[in-house]
Structures are given as C-alpha cells and as structure tokens.
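Subject: Structure handover

Hello,

Please find the structure we spoke about below. My notes on it follow.

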Amino acid sequence: EKYLVICNLNTGEYSRLFDQNNSQIKRKGRGKRNRRMNREETIVGWIMDGGIPYLYTAIDEIKSPTETKTVFYEHGDDPKEYNRYFDSKYPNKPNATLVNSDQNHAWISFINGPYGLYKINLNKSNLPLSKHPIVKTSRMVQALTTWGNKELLLAGQENIYNFYRIVNNEAELVNIAISEYTIIRDPICHPLQDGVFSFIGSNADYQDDKKRGDLCIYDINNKKYIEKITIYFDKDSYGGNRFSQWAPTKNRLYFLKKKRDEISLYFYNYLNGKIQSAGIDENKIKSFVISNDGQYCAILRDTNTDQITVYKLDD
C-alpha cells in the first residue's frame, strides 16, 4: 500500500491525507476471507484559483492483476477534505495524468488501448471523462508536461519512444535525436522558458555503469540540445521517485549526482549554465521533490526506514 501524507512545516506534525479505512480482515463465511484491496494514492496536480490552491489526487484500488479502479479527488482550502470526486469506471489502470491549470482540464492515459489521452473537464461539477481518446497515439502515453497553454507528451514502449506536441487535439511529432536512448523518463517543461524542457535518457550500458543517465535539456523552438548532464538514475526504482525537477519559480533544474557511494542533490543554473551543489547536507538520497513555490525540498533518504526530511532552499 502506498499512501499520501500531509505535513505541517510549522509544527512538524504529519498524518495521512486520506483517513485509513478499517484494516481488519473481515471473515466471509467459515474458513473464507475477503482479501484486502491494494491501494496506491498519488498526487495528480495543482490548480491555483482565486488565491486558493486546489489539489488533485488519485487512489488506485487494485482488485486484481487485470483490474484497477481509480478514483480522482479535488481538495480545496482544507486538503484533508475533498470537494468533488471522479470514478474512472474503467477496469484499466491509468498510466499518466496531467492537470492543466491554464486550460482547466486534465488528461489521462491508460495502460491498455485504445492508446491516447482521455480528457476530464474540470469546469463541470461531475468531472466527466471522455468516452474515447481525444488525442490518439499509436503507443502508450508514458508522461505529460506543459508550458501552460502548450502541452507535450512522451509516448512509446519496448525501447521505441517519441515526443509529441498536442496541437488542436492532435499529436504532432517533435523530431529530436534520441535514438541512443532505449529508456526515456520524466519530461518536464521549464516553468519560465517557453519551448525548453528536460528529460532523462538512458540505456542498458548506462545502467550497468553505475546507474547513470543523461539529463537532457532541449529547446524545441531552436531545435537543439542546450545541455546534457550525467546524473544518477536507477530505472528499476519505484516509478514515483524523482531524479530531476525544475524549481517552479526559479531557473534551476535539480538532479541527483553519484560520487563513489554518495548520492547528493545538485542543480543546473539555466541562466549561466553552471552546475553546483544544492547546499543540502545529505549523501544518501533516494528521491526528492521541490515545493510549488520553489522554496522547499523534501528529501527521501535511502535507508531501511526511508526517512523524509524537508529543507529550505537557498535563493
């Protein structure tokens, strides 16, 4: 079971976002038991409306290896409560989700076909999901990111990947030289520079050589790579683990770098092209995430207890 935790940075107190249901296994007749359903809670995205941050989350209720029910929730000024929810009603596990706060909709892709992006209209009270893919693709959509009014998707599987821009509900191919990579993950648009995005590229040789990957920064408008940085990247880690992220309010791209047995946090300064330490005294980092205001960083330590620590980032 994977669940979301909400933490008060002023007091250090934390608790589960969703109240835990009764965990007791109930008997179903003599000698029979109901198997407890496996649940995975994830953050889908945020929207700022009228000065109030709205959080969107999802819970996957995994009933069997072939059937997953997903429920999406919208949380308002009190994140412990939700305003609206949406039941996917599909026996099909969602794979990638994006909340576009500028256009007030959400895209969802599913593991099984037909491949493409289904849309949720966030303006309507019942959060309706389109019955068919609005944007069609020939392969599974693996990731989504946005510059606000422009959206980018990564589709592919079995070592074949492509980037596409979403233009008038069509997937428009972006020609980027990526043939050296058989593993591509985490495309993220620069929050302040239109057309600039980053992604992690790797292959079997890179993974055999100290779990490394290339953090690629690409400019779609000028059709060129800006930078490629060797970083620590483990393809076999849990899919929710981050290995890179743009600070939402800064021109900084954070990433993990491994030296001998130490894994530490660094950042690339987009304005001057320099790489430097993030100034966080941690050398066993498993994953990290930057807050929406770019002021804090939560570190997940690579320990037996997977400890989480929150740091204030330097300007």
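The mean pLDDT of the protein is 82, and 85% of its residues reach 70 or more; pLDDT is the predictor's confidence in each residue, from 0 to 100. This is a predicted model, in which local features need pLDDT of at least 70 and side-chain atom pairs count only at pLDDT 80 or more, while totals for chains, interfaces and linings use all residues. Residues are numbered from 1 along each chain as its sequence is written, and side-chain values use heavy atoms, with hydrogens and water left out.

Confidence is lowest in strand β6 (residues 84–87), with a mean of 65, and highest in strand β18 (residues 224–232), at 96. Strands here are DSSP runs (E, at least two residues), numbered from the N terminus. Over residues 22–36 pLDDT stays under 50, and for this stretch the model has 13 contacts beyond four places in sequence. Contact means heavy atoms within 4.5 Å.

Hairpins

Strand β12 (residues 151–157) runs antiparallel to strand β13 (residues 160–167), and seven bridges join them. Two strands count as paired if DSSP finds at least two bridges between them. Alanine 155 stands opposite asparagine 162 in β13. The two strands make a hairpin with two residues between them, and glutamate 158 in the turn has a positive phi of about 55°.

β13 also runs antiparallel to strand β14 (residues 170–174), joined to it by five bridges. Here valine 167 has glutamate 170 in β14 as its bridge partner. This pair is again a hairpin with two residues between the strands, and asparagine 168 in its turn has a positive phi of about 50°.

The four-stranded sheet

An open sheet is formed by four strands in the order β19-β20-β21-β22, with antiparallel pairing. β19 (244–246) and β22 (275–277) each have a single partner strand, so they stand at the edges with one side left without a neighbour in the sheet. From one strand to the next the twist averages 30°, taken between lines fitted to C-alpha atoms, on a scale from 0 to 180 degrees between N-to-C directions. Three bridges pair β19 with strand β20 (residues 252–259), and tryptophan 246 stands opposite leucine 253 in β20.

Aspartate 186

Aspartate 186 lies in strand β15 (residues 183–189). Its side chain makes a polar contact of 3.2 Å with that of arginine 185. A polar contact is a pair of N or O atoms within 3.5 Å, one able to donate a hydrogen and the other to accept it within protein; residues adjacent in sequence count only if both atoms are side-chain atoms. Beyond its neighbours within four places in sequence, aspartate 186 is in contact with Ser198, Phe199, Ile200, Phe243 and Ser244.

Regards
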